[in-house]
Amino acid sequence: MPSQDGSLKAITANRLRDGVVVFLGPDWNAGGEVATAWVESFADAALFPAAEAETALAAAKPRAERAQFGVDIYAFDVETENGVPTPVKMRERIRALGPSVRLDLGKQAAA
Amino acid sequence: MNHIAPGARAGIYHYDEIDRRFVGERVEQFRKQVERRLAGELTEEEFKPIRLMNGLYLQLHAYMLRIAVPYGVMTSVQLRKLASIGRRYDRGYGHFTTRQNLQYNWIKLEDTPAILHELAEVDMHALQTSGNCVRNVTTDQFVGAAADEVVDGRVYAEILRQWTTLHPEFTYLPRKFKIAISGASSDRAAVRVHDVGLLAKRNAAGEAGFTFYVGGGLGRSPFIGKLVREWVAEEDFVAYLEAILRVYNQYGRRDNIYKARIKILVHELGLEKFKAEVEEEFARLRGPKYRLDPEIVAGIRAHFAPPPFEDLPTRSDALERAKAENPAFANWVAVNVAEHRQPGYAIATISLKPAGGIPGDATCDQMDLIADLAERHSFGELRVSHVQNIVLAHVKQDELFALWTELDAAGLGTANAGLIGDIIACPGLDYCALANARSIPLAQALSARFADPIRQRAIGELGIKISGCINACGHHHIAAIGILGVDKKGTEFYQITVGGDPTLTAAIGDILGPAVTETEAVDAVEAIVEVYLANRTDQDERFIDTLKRVGHAPFKERIYAAD
């Protein structure tokens, strides 16, 4: 759910063993294997109001680090464009999709 | 380890058993370090400097592995190995960089030890491609072949490579340290924008020596290297450089990453004080221990002996006939082929800048083809240039047409070396975790806009260089037209500079005006070119000379007139 100002956040990391971009998924707090808390597609990512994102990040980050699952874990801003959640910054759009100059590579290639 | 001889006739340093054992041991060390990291015995904080010392970065999409190509020279066997690794562990391509290295963009940490093991099979590695050490020493891509060469820079670059690789004092410098060597009358290695820039030359007695420039660099605070010593004799080469590095190690700042490069030290200490410190240290070091023994130099030089050239006439009738019959080939020869010092031979630049393409990228199939062509036409050797092209340095003039025909069929026959389409661009925000804006799409749009080979030749020598952030990996400061990508409230903008110069008359470009959007940037560059063409005295007046003569005003007026 969006916060009062409507801003949303998602939480991302790079998977340690292969560097692949991952996002904290909707089942992030369901328990079980750490890997099941994370998803590879931004479309499947959990979206948090800003305050809740801080709480989720504070809980998920140490778990992912302790399990040697993820590195460089942080939250980023998301906006809704035509009803579709989209990263606000170009950097995060490119991480979520792949290089804008190679549409055959990255997550966009599998879409 | 299954060692594969990398090519006997190529002008590279050929490893001995000690070199191979050392590289092999480093691979095994890193294998264990990766295992410990994946097992949780090392934290990311502990592991990061270790992986960086092995060339492994974490970028936007995956790990990036930077492979060292010492002074940009490698063999066809080595390039085929790079192609093979690109297919097996990456996505079928690689990116040649402004430090004459190669980067893969889609590497898995868990695969890295295996990749380094495969590299070691052909005497390659990723050492000194990252971290606060002396990085891969760069030199002229025409080294050992150029008609204007005085001293072979490979010899001294290799001496520096061996001297710095395991040197304990240089493992934890305040910041990275980049050295370039040029031994020709034309500087093709941008020596004056390096931490240390070396001009190798000869005195009246024919002895080799060096002019030292120190404190050059780009990035956030660009500086042109300052002349520290006009002549350092060959025997003092190592001692003098060590003196510089010791002064840097002692006084260089470690409290602020943005002020840690030697350029800031030279600037803050003042040139005279810096020189005095270096001379004092040099006087202390100078002696038998640091004397560069001529026998050692001769031993290294033997690795770079000229290949077995044939005695050929200076002029090739076959070449002249082919040029007369094929205008596109004649244009490629005029633009991409340089004079060789050996009669009957030529230096061919393979442009990795097709119109609308990604500067510096080559597919693994293209790498294999270039390796084949290097074997058939250039003694199995090739070079990576700091402008992100490939050079076959020893091609018979008689064989240029056959070479070009195969290159052209593979999309590698673009005739734009040194022209406006020969754009340097860093990976930018499409790949790099540090970038603020994309570089590649702008390079693609510009090279497409100026694709016409006739127009490019009419414009003449004019370099465009694009960086996606202030770290300036795309060398924008020293471009005739430089472009810096910036982020303004989440939108990419591009700041244009003009008048930069990467040669011995080095200059930092001036900002022309407010940053513009990507579309506006393409139009702005075209406007700059039109103003230049309208104002130049004749075809021989280069862009930077016209700019010096007429000033910035006509260019500014044209671009910002509507504002």
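**Briefing: the A–B interface, salt bridges and helix packing**

The side chains of Arg93(A) and Glu79(A) form a salt bridge (3.1 Å, N to O), a term for a side-chain nitrogen of Lys or Arg within 4 Å of a carboxyl oxygen of Asp or Glu. Arg93(A) belongs to helix 2 of chain A and Glu79(A) to strand 5 of chain A, so the pair ties together parts that are 14 residues apart in sequence. Helices (H or I, at least four residues) and strands (E, at least two) are DSSP runs, numbered from the N terminus.

This is a predicted model, in which local features need pLDDT of at least 70 and side-chain atom pairs count only at pLDDT 80 or more, while totals for chains, interfaces and linings use all residues. Residues are numbered from 1 along each chain as its sequence is written, chains are lettered from A in the order in which they are written, and side-chain values use heavy atoms, without hydrogens and water.

**Interface of chain A and chain B**

- In the interface, 22 residues of chain A are in contact with 28 residues of chain B; contact means heavy atoms within 4.5 Å.
- About 2200 Å² is buried between chain A and chain B, with 61% of it on carbon and sulfur atoms. Buried area is the accessible area (1.4 Å probe) that two parts lose on being put together, summed over both.
- Of the area that chain A buries against chain B, 25% comes from Leu16(A), Arg17(A) and Val101(A), more than from any other three residues.

- Over all chains, the structure holds 56 salt bridges.
- Across the interface of chain A and chain B the rule finds one salt bridge.
- Glu110(B) and Arg17(A) meet through their side chains in a salt bridge (2.8 Å, N to O).

**Helix packing in chain B**

- Helix 16 (residues 518-535) of chain B packs on helix 17 (residues 543-550) of chain B at an angle of about 75°, with the axes 10 Å apart. That makes the two helices roughly perpendicular, the word for angles of 65 to 115 degrees. Axes are lines fitted to C-alpha atoms, for helices over the stretch in contact, and angles run from 0 to 180 degrees between N-to-C directions.
- Helix 16 of chain B contributes Ile528(B), Tyr532(B) and Asn535(B) to this contact, and helix 17 of chain B contributes Phe543(B), Thr546(B), Arg549(B) and Val550(B).
- The axes of helix 7 (residues 262-269) and helix 8 (residues 271-285) of chain B come within 6 Å and cross at roughly 110°, which makes these helices roughly perpendicular.
- Ile262(B), Leu265(B), Val266(B) and Leu269(B) of helix 7 of chain B meet Leu271(B), Lys273(B), Phe274(B) and Glu277(B) of helix 8 of chain B.

Key:
Parallel < 35°, antiparallel > 145°, perpendicular 65-115°, else oblique.
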